[in-house]
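Trainee: I would like to learn how to read a model like this one. Can we go through it feature by feature?

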Amino acid sequence: MADGGRSAGGDNEAAAISSLRRILRAYAALDKECGYCQGMNYFVDMFWQNLQNEEDCFFCLVHLMKVQEWRYCFNIDMSKLKELLEFLEQVMQTTWSNVL
């Protein structure tokens, strides 16, 4: 979980990093198939910056990863990431067709 130091910040950076690590470790223990993957810290940091509560951040992460199925951005075939990129491409073609 070395990523914690790159994303956490704010007034009390050491405490924020400790919180990020606890949240990410708790999620990795909950979802053993997915575990922890580089990049998850950015989601948790965004939650932390807005909520400043470990339990709330943890449950936001669980919702994002399991209910919204973002955990599939981090699986071996990156199926959710592919889906999101295809959606982005469609939006860009519709919105900025003259650029593409």
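Trainee: Is Gln 52 buried, partly exposed or exposed?

Mentor: Look at the relative accessible area. Gln 52 has 48% relative accessibility, so it is partly exposed. Keep in mind that this is a predicted model.

Trainee: Where does Gln 52 sit, and what is its phi?

Mentor: Gln 52 belongs to the loop between H3 and H4. Its phi is positive, about 55°, although Gln 52 is not a glycine.

Trainee: Which phi does Glu 69 have, and where does Glu 69 lie?

Mentor: Glu 69 is not a glycine, yet its phi is positive at about 65°. Glu 69 lies in the loop between H4 and H5. Its relative accessible area is 40%, so Glu 69 is partly exposed.

Trainee: Let me step back. How many helices and strands does the protein chain have?

Mentor: Count the elements, then read their order. The protein chain has 5 helices and 0 strands. From the N terminus on, the order is α-α-α-α-α.

Trainee: What share of the residues is buried?

Mentor: Of the 100 residues in the protein chain, 33% count as buried. Sequence separation tells you something else. Take the contacts with a separation of 6 or more: 52% of them join residues 24 or more positions apart.

Trainee: Now helix packing. At what angle do H2 and H3 pack?

Mentor: Read the angle, the axis distance and the handedness. H2 covers residues 13-30 and H3 covers residues 40-51. They pack at an angle of about 120°, with axes 10 Å apart. That makes H2 oblique to H3. The crossing is right-handed.

Trainee: Which residues meet where H2 packs on H3?

Mentor: From H2 come Ala 16, Ser 19, Leu 20, Ile 23, Leu 24 and Tyr 27. From H3 come Met 40, Asn 41, Val 44, Asp 45 and Trp 48. By class, this contact of H2 with H3 has 8 nonpolar, 2 polar and 1 charged residues.

Trainee: How do H2 and H4 cross?

Mentor: The axes of H2 and H4 come within 10 Å and cross at roughly 45°. H2 and H4 are therefore oblique to each other. H2 passes H4 in a right-handed crossing.

Trainee: Which residues does that contact use?

Mentor: The H2 side has Ser 19, Arg 22, Ile 23, Leu 24, Ala 26, Tyr 27 and Leu 30. The H4 side has Glu 54, Cys 57, Phe 58, Leu 61, Val 62, Met 65 and Lys 66. The contact of H2 with H4 divides into 10 nonpolar, 1 polar and 3 charged residues.

Trainee: And at what angle do H3 and H4 cross?

Mentor: Roughly 135°, and their axes come within 9 Å. H3 and H4 are therefore oblique to each other. The crossing of H3 and H4 is right-handed.

Trainee: I see cysteines. How many disulfides are there in the whole structure?

Mentor: A search finds 0 disulfides in the whole structure. Cys 37 is in none; the nearest cysteine sulfur, that of Cys 34, is 4.6 Å away. Cys 37 is buried, with a relative accessible area of 18%.

Trainee: One last residue. Where is Tyr 72, and what does Tyr 72 touch?

Mentor: Tyr 72 is in the loop between H4 (54-67) and H5 (79-95). Leaving out residues up to four places away in sequence, Tyr 72 touches Met 78, Ser 79, Lys 80 and Leu 81. Then compare sequence with space. Tyr 72 and Cys 34 are 38 residues apart along the chain, and their C-alpha atoms are separated by 8.4 Å. With 31% relative accessibility, Tyr 72 counts as partly exposed.

Technical notes:
Residues are numbered from 1 along each chain as its sequence is written. This is a predicted model: local features need pLDDT of at least 70, side-chain atom pairs count only at pLDDT 80 or more; totals for chains, interfaces and linings use all residues. Side-chain values use heavy atoms; hydrogens and water are left out. Axes are lines fitted to C-alpha atoms, for helices over the stretch in contact, and angles run from 0 to 180 degrees between N-to-C directions. Helices (H or I, at least four residues) and strands (E, at least two) are DSSP runs, numbered from the N terminus. Angles under 35 degrees count as roughly parallel, over 145 as roughly antiparallel, 65 to 115 as roughly perpendicular and the rest as oblique. A crossing is left-handed if the near helix is turned anticlockwise from the far one by less than a right angle, and right-handed if clockwise. Contact means heavy atoms within 4.5 Å. Ala, Val, Leu, Ile, Met, Phe, Trp, Tyr, Cys and Pro count as nonpolar, Asp, Glu, Lys and Arg as charged, and the others, Gly among them, as polar. Buried means under 20% relative accessible area, exposed over 50%, partly exposed in between (1.4 Å probe, protein chains only). A disulfide is a pair of cysteine sulfur atoms within 2.5 Å.
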